[in-house]
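Here is a brisk report on charged and aromatic contacts. Look over the sequence and the model, then read on.

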Amino acid sequence: MLRRPMNIHKEETAEYRHLRKPVIQSRLLDDMESLTTWSHEGEGGMSLTGERCVQGSHSLRIVSPTMIVTDTLRGSGRPPGKCEAKRLFRGEDWSEWNRLSFWVYPTLPGMKKISLLVMLENSGEEKLPNWILKDGAHFFMLEPDRWNHIVWEIPHLARDKVTGVSFVYRTQGNEPGACEEVCYDIDQLELQQVEPDHFEGWEVAAGRISYSHSGYHPDFPKTALVRPDVTGPFQVIHCSDGTVVMEKATELVESLNGAFRRLTFTEVTTTGQYKLKLGDIETPPFLIDSMVWRDSIWKTINFFFCQRCGFEVEGVHGICHSDWLCEHEGKSIVINGGWHDAGDLSQALVNTADAVTAMLQLAESLTNSDELRDRLIEEARWGLQWVLKTRFGDGYRSVWAVMDFWTDGIIGTKDDVAFAARREARANLSAAIAEAEAARTFRHTNPLLAMHALTAARSDFASALSDIQTQGSGDRGVQLASCVILAAAALYEATDEHEYADIAARFAENVIRCQSKERPAPRVPAGFFYSDETHTRILHYSHQGYEHLPINGLVKLCRLLPDHPDRGSWHSCVAQHAAYQKELAAYTEPYGMLANSMYQAAELVGTLEELIEKRIVKDADQLASYRAQIENGIPLGEGFYVRRFPVWYDFRGNTGTLLSQTKALTAAATLLNDPELLALAYRQLEWVVGLNPFCQSQMYGEGHDYAAQYTVMSGDIVGSLPVGIETKGVKDVPYWPSQNCFNYKEVWVHPSIHWLAVMSDLERANNGV
């Protein structure tokens, strides 16, 4: 079974394709034979070296220590230093050029993963880099001890008054035995003109077919898209012998998002490997199979395995973060273990616990793969051990830690980092769900672990419930009430104690009261949730999505308590929300991606101080952005708008929110036995793996043309998902430039958690459960 990182097929990456694009014209910016136009800032130094070069006699060399130890480390978790070499320009206009090209030779003995940052500085009307929009910064991975050719397409960036191009190494520490000083040689900085990738808008990338790279389920609709000017019949070709199994005309589709031609081949239902051909455009092979998503599950497990903290992952890192602590009342716990959350190695209790739950529930739903089920349980146990080890037993635990650099692993040296324990109801509820699920899973195979998990689940649930009751009105929030339902239901399944079922049913009343039952206006759908019972703000998410929680909770209750007098209202609530989701999908046709949410102009009523206190905005700039983003949505009347992408600020990207919505769809579909909901859920997965305007799979290593992701500490990982496609500024159209920057292209575990959770429902549906 999979216990070492999967190999990456580099020839399938977008980077591979970019390096092979024809260069229309080029202009040499610097051959690294003089330092007169360069400046250095930060740690280390900069010089010319004759040791190696791509052309000429010299290259630019930057050297830096790996770590600068300061008092700010403790409680921060961020590296405090950087080494930056900047090539200065006098406000040049680069508008006719759309790509930067350069070469980098890194020498970092003992480092397993090597990254660097390049930034474009523009001082025109649009300033760069823009850290809110994540524009003007591009992180890239490097192979050691060789020249790496790096290209960065920049047609999306303002470049009318360019004042600098910077190369930046951030002091990210080093593992024991690795070098304590890094060296990068850089040469042949060049401007180029190429045919750029499509990076913004709903239209399909030119010369491409937008399709599901993973493939399609035989029993559900199968479509692909091209631009409207691509005419003629298309063919579905069986890859085994080249047989044309279908030839058919495309269909012209006009929608709110423009004109498209749709290729529909739902009639092809025989299991096999196929490709689409339309004129000169041909797709790589894809599957039609009821197990079409099975490979993506294995790849997602690979992602989690490579994200393990405190474990030696071959080629990625050794045993790490063993000198990172959580402290509480004079006691401390070493908090390595579980999985790193993101590209910066952070770790959150909710993410780890939710991953454990998703893995165990998926394992339970599998009926025809003992190997996959066993591997899911094994990986879940790794995360469970961290959930159990990082709790103090009184409701306090390690809830959040930024772990953004490597340390020496020795407690008592200057690079130690410690965080204060926190007691949060939300975290303890997530832990209780995972622990209760584990108690059932391991009841017969590992009764001691099951007993430990169940004891922890009871305690964590009691702490959370006590805190909610102390807060009084705190239980009115739909998210927290949903978590109580799920935790109480999990404990009821593990113990058969009706007290837990009663608690779950009581909190279900809170969730029901948070739902909109009637249309607020003729064009505004019902069935959505407000944040709480006051109905003052619609529930929506902009980064980590939890829209599935109330539906998951109610579906769970409908199954566990079929004779409960409130089951009808639970069932009705699920059905209404499912109808609402169907309406949301209409706004992104012909893709059918679920629109993010409805928003109200009334959300912004009140003084700036009041809106800051409600945590809607942080300052006046955010308020202006929030208002503009809402107004760029689709107006529905009476102050309601549909946003296809979230209203967001510096956290941008919608795959995590979209897959949360998808989990709500699949949970409802299994309860309502609604094939339309399942078909809509498949469209969300297809969007993620290629049936999107950019024709790119967002899951690294799945399908084709997957882009590099921000995972600078752990390197590229098969199975990883980024936070997702974003929008530029206040617009509401897809934006997916080729640059690689946090957080929209950053690896986070929450989209992968939702992916596994969705797979659990799809397995249930496949098995007729």
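Glu-493 and Lys-556 form a salt bridge, with the closest N and O atoms 3.1 Å apart. The pair links distant parts of the chain: Glu-493 is in helix α7 (residues 478-495) and Lys-556 in helix α9 (residues 548-560), 63 residues apart. A salt bridge here is a side-chain nitrogen of Lys or Arg within 4 Å of a carboxyl oxygen of Asp or Glu. Helices (H or I, at least four residues) and strands (E, at least two) are DSSP runs, numbered from the N terminus. Glu-493 is partly exposed at 24% relative accessibility, while Lys-556 is buried at 19%. Buried means under 20% relative accessible area, exposed over 50%, and partly exposed in between (1.4 Å probe, protein chains only).

The model is predicted: local features need pLDDT of at least 70, side-chain atom pairs count only at pLDDT 80 or more, and totals for chains, interfaces and linings use all residues. Residues are numbered from 1 along each chain as its sequence is written, and side-chain values use heavy atoms, leaving out hydrogens and water.

The structure holds 51 salt bridges. One of them joins Arg-440 to Glu-364, with the closest N and O atoms 3.1 Å apart. This pair also links distant parts of the chain: Arg-440 sits in helix α5 (residues 425-441) and Glu-364 in helix α3 (residues 349-365), 76 residues apart.

Asp-370 bridges to Arg-373, the closest N and O atoms being 2.2 Å apart. Both lie in helix α4 (residues 370-389), three residues apart, about one turn of the helix. Asp-370 is partly exposed, at 48% relative accessible area. Elsewhere, salt bridges link Arg-17, Lys-21, Glu-153, Asp-197, Arg-208 and Asp-705 in a network.

## Aromatic pairs

The count of aromatic pairs is 37. Rings of Phe, Tyr and Trp (its six-membered ring) pair if their centres lie within 6.5 Å; planes under 30 degrees apart are stacked, over 60 edge-to-face, and the rest tilted. Tyr-541 and Tyr-546 make an edge-to-face pair, 5.9 Å centre to centre with 80° between the planes. Both tyrosines are buried.

Tyr-626 and Tyr-649 are tilted, because their planes meet at 45°, with ring centres 6.3 Å apart. Tyr-626 is in helix α12 (residues 620-631) and Tyr-649 in the loop between β28 (640-643) and α13 (655-672), so the pair ties together parts 23 residues apart in sequence. Tyr-626 is buried at 3% relative accessibility, and Tyr-649 is buried at 16%. Trp-202, Phe-260, Tyr-591, Phe-645, Trp-648 and Trp-687 form one aromatic cluster.
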